[in-house]
Amino acid sequence: MIDAGAGTGRYAVAAARRWPDAEVIAIEKDPVLAAAARIHASVANVKVRVICSDYLDVQLPRIPGVTAFVGNPPYVRHHDISEGAKRWYGDRMARLGLPSSLLAGLHVYFFLQSFLLSRPGDVGCFVTAAEWLETNYGESMRSLFCRMGGDSLLRADPEQPIFDDALTTSVVTGWTTGSNGPVRIGDFQLGVTHPGFAATHEQLLALPKWPAYGNPLPPVAPAGPKLGDYFRVSRGQVTGCNPVWVANADSAKLIPERYLVPCVCDAQDIIEANGVLRRSDQLKRVIDLPADLGELTRGERVRVDEFLATAEAFGARDSYISQHRTPWWRVGLKSPPAIIMSYMGRRPPVFARNAAGVPILNIAHGLVPTAPISVSSQNRLVAWLNQNVSVAAGRTYGGGLVKFEPREAMRIPLPPQAVLEE
Ligand SMILES: C[S@@+](CC[C@H](N)C(=O)[O-])C[C@H]1O[C@@H](n2cnc3c(N)ncnc32)[C@H](O)[C@@H]1O
């Protein structure tokens, strides 16, 4: 048994206790943890060979029996992976004819290395973050999982964090090298496992994302129209500091009326619109000053300078966004989209036609038609979307929140009769 990224050797010691005849090898890169694993095994009075090495560099002799790969690989995001390791991963994936992703975390590399070290009939079980089931960049891991002989996925309840130090959903994966059998997909909640359903590799690979905790296998999306065939979906405006740029009673007194722009600043604005956002007078207003303050009258300029001094004292000038725009105070609201949608919550997204013609902050996404579409078609579409889009089309985050990234929203299937007239 190989404990990949063994830490203090919890899995290795448990395995050696349970199967005293097995050869147990713990592989850990950190010398202090490797030493702790050795002490752990010695105190537990079991035989574990601890190798202090990078798992990606390990070579294993062939053995006559079955090897089991076990572990909860490190949760290291791509930013912190060395260039050398990235090259190793890209090169090995290419040799397998699989797509690689620059955004893959180190756990993906651990799967790959386990596969490369294994022989047909070997088995494996890793617990990892589950985002690769659902993200676009997870596609390469999903292909690898099928190639490895993935045969089980146990999705953990997102409300129950598995890793103390990472707010992420988790999944327990199982594979048998060389198998092409179906994948059993189930759920894990409060220590109890719930068997779910089985799906073939072909069925899974045909999906743009795999079903998250609690969700069944979705029907293969019909070849019909998608939201993205008619609309470009994009994020709302980032201000860099909402407490400053969303006007309050005090700041509104200092800013000329023409730079106070009613804006969708809260998902509640969309929910309460009930399909059509008609009024702008109840919305909060965003301070959208011009780049050239020379266009202000002298009196206006004195008050705006006072506001900017307060904003600066509040730290608004130091935000990442302010530092990357010129001048730092110019929020630069994007033009109002035709339809707006909430994209984050514990409920399906809510859509509304933007009859008020207001811009949106990044609590919402905007749908802009790629060709002219009549108002009545837009109304029908919004009503259909509000009735038919389910949370399963989004992406589940730790804690159970569901988000729709713009690309996921563009993949929302529309009814075949959704021919939107000009
Ligand atoms: C999430 S911990 C798992 C520890 C152990 N399985 C447990 O549950 O206590 C991941 C371990 O992998 C180790 N690690 C990180 N990168 C590694 C690499 N490239 N090769 C081997 N071990 C690595 C870390 O030091 C850490 O101890």
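## The ligand shell and strand pairing in a predicted model

Of the 14 residues around the ligand, those that come nearest are Arg10, Glu28, Asp54, Tyr55 and Asn72, where a residue is near a molecule or strand if one of its heavy atoms lies within 4 Å of it. This is a predicted model, in which local features need pLDDT of at least 70 and side-chain atom pairs count only at pLDDT 80 or more, while totals for chains, interfaces and linings use all residues. Residues are numbered from 1 along each chain as its sequence is written, and side-chain values use heavy atoms, with hydrogens and water left out.

### Around the ligand

The shell around the ligand divides into six nonpolar, four polar and four charged residues; here Ala, Val, Leu, Ile, Met, Phe, Trp, Tyr, Cys and Pro count as nonpolar, Asp, Glu, Lys and Arg as charged, and the others, Gly among them, as polar.

| Residue | Atom of the residue | Atom of the ligand | Distance |
|---|---|---|---|
| Glu28 | polar side-chain atom | oxygen | 2.6 Å |
| Lys29 | backbone N or O atom | nitrogen | 3.3 Å |
| Asn72 | polar side-chain atom | nitrogen | 2.7 Å |

On its own the ligand has 600 Å² of accessible area, and the protein covers 81% of this; accessible areas come from the Shrake-Rupley method with a 1.4 Å probe, and for residues only the protein chains shown count as cover.

### The chain as a whole

The protein chain holds 14 helices and 18 strands, where helices (H or I, at least four residues) and strands (E, at least two) are DSSP runs numbered from the N terminus. Its C-alpha trace spans about 85 × 55 × 40 Å along the principal axes. Of the 422 residues in the chain, 48% are buried; buried means under 20% relative accessible area, exposed means over 50%, and partly exposed lies in between (1.4 Å probe, protein chains only). The chain exposes about 20900 Å², of which carbon and sulfur atoms supply 54%. Contact means heavy atoms within 4.5 Å, and among contacts between residues at least 6 apart in sequence, 72% join residues at least 24 apart.

### How the strands pair

Strands of a sheet pair through backbone hydrogen bonds, either parallel or antiparallel, and two strands are said to pair here if DSSP finds at least two bridges between them. Strand 8 (residues 183-189) pairs with strand 6 (residues 150-156) in the parallel sense over five bridges, and Ser152 stands opposite Arg184 of strand 8. Strand 8 also runs antiparallel to strand 9 (residues 192-199), to which seven bridges join it, with Ile185 opposite Phe197 in strand 9. The hairpin of strand 8 and strand 9 has two residues between the strands, and in this hairpin Leu190 takes a positive phi near 45°.

Three bridges join strand 13 to strand 15 (residues 351-353) in an antiparallel arrangement, in which Ala352 is the bridge partner of Ile340. Strand 13 pairs with strand 16 (residues 364-369) as well, again in the antiparallel sense and over four bridges, and there Ile339 stands opposite Leu367.

A further open sheet is formed by three strands in the order 14-18-17, with antiparallel pairing. Strand 14 (344-345) and strand 17 (395-396) stand at its edges with a single partner strand each, so one side of each is left without a neighbour in the sheet. Strand 17 is joined to strand 18 (residues 402-403) by two bridges, and Arg395 stands opposite Lys403 in strand 18.

Glu300 lies in helix 11 (residues 298-313) and is buried, with a relative accessible area of 13%. Its side chain makes a polar contact of 2.9 Å with the side chain of Arg258, and, leaving aside neighbours within four places in sequence, Glu300 is in contact with Pro256 and Arg258. Asp57, in contrast, is exposed, with a relative accessible area of 58%, and lies in the loop between strand 3 (49-52) and strand 4 (68-71). Between Asp57 and Thr297 there are 240 residues in sequence and 68 Å in space, taken from C-alpha to C-alpha.

Notes. Polar contact = N/O pair within 3.5 Å; in protein donor to acceptor, adjacent residues only side chain to side chain.
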